[in-house]
Amino acid sequence: MAAWRPATAAGAAFLASMAVGAGVLAAIGGEGRWPVMPVVVAPVVVAPVAEELAKRLFLGALSAGWAATGLAFGVIEGVLKAAEWQVAGLWGALASVLQHWAYGRWAERGGLRLALALHMGFNALVLAMEHAAGAEAGWLAPLAAAALLAASFPRFHNGDIDEGPPAP
């Protein structure tokens, strides 16, 4: 597969998901009408649905793979977070790359529903960790994302390390 396909799918998905997110915020009245929207509902429901549906749409249209598109999407999102040039932005950048790559790897096995469930659950977990531990919890997101990514590799499925086929 040509590398431009997942990169293009990710870029288009990123732009589309941002437009959808902004549209949903505008449609429901933004922060003033529903105060929990930007704090909880946007990152746990709106962003994951918009991002994963947009990725699926564009990776299908461009014949790109889930994992490669997820990785490219995470890099785009990570670069924007790293542009903040703060420690929190750098932790968020690393988490974005790892988590979106993981969603793509899991989606290759379980489809869009699994990617959505993982994305929503991950974002809810990170919000809960940040609420419980305070502002110093930014480093927990990349650790959780790394665990999610590591679990996506076949050798870790079912809790057993797959050491390959049995010896003859």
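Predicted model: local features only at pLDDT ≥ 70, side-chain atom pairs only at ≥ 80, totals over all residues.
The largest pocket has a volume of about 880 Å³. To find it on your screen, look for P43, A47, E77, K81 and N123, which lie nearest its centre among the 32 residues that line it. Which elements give two or more residues to this lining? They are α1 (4–27), α3 (37–61), α4 (66–82) and α5 (87–133). Of these, α5 gives the most, with 13 residues. If you sort the lining by class, you get 18 nonpolar, nine polar and five charged residues.

Now turn to two of those helices, α1 and α4. Two packed helices are described by the angle between their axes and the distance between the axes. Here, α1 and α4 pack at an angle of about 55°, and their axes are 8 Å apart. That angle makes α1 oblique to α4. The crossing in which α1 passes α4 is right-handed.

Which residues make this contact? From α1 come P6, A7, A9, A10, G11, A13, F14 and S17, while α4 brings A68, T69, A72, F73, I76, E77 and L80. The residues of this contact divide into eleven nonpolar, three polar and one charged.

Methods. Residues numbered from 1 in each chain as written. Heavy atoms only, no water. 1 Å grid on protein atoms, 1.4 Å probe; cavity = no way out; pocket = protein on both sides within 12 Å on 5 of 7 lines; lining within 4 Å. Points joined across faces, edges and corners; volume = space filled by probe spheres on them. Helix = DSSP H or I, 4+ residues; strand = E, 2+ residues; numbered from the N terminus. Nonpolar A, V, L, I, M, F, W, Y, C, P; charged D, E, K, R; others polar. Axes fitted to C-alpha atoms, helices over the stretch in contact; angles between N-to-C directions. Parallel < 35°, antiparallel > 145°, perpendicular 65-115°, else oblique. Left-handed = near helix turned anticlockwise from the far one by under 90°. Contact = heavy atoms within 4.5 Å.
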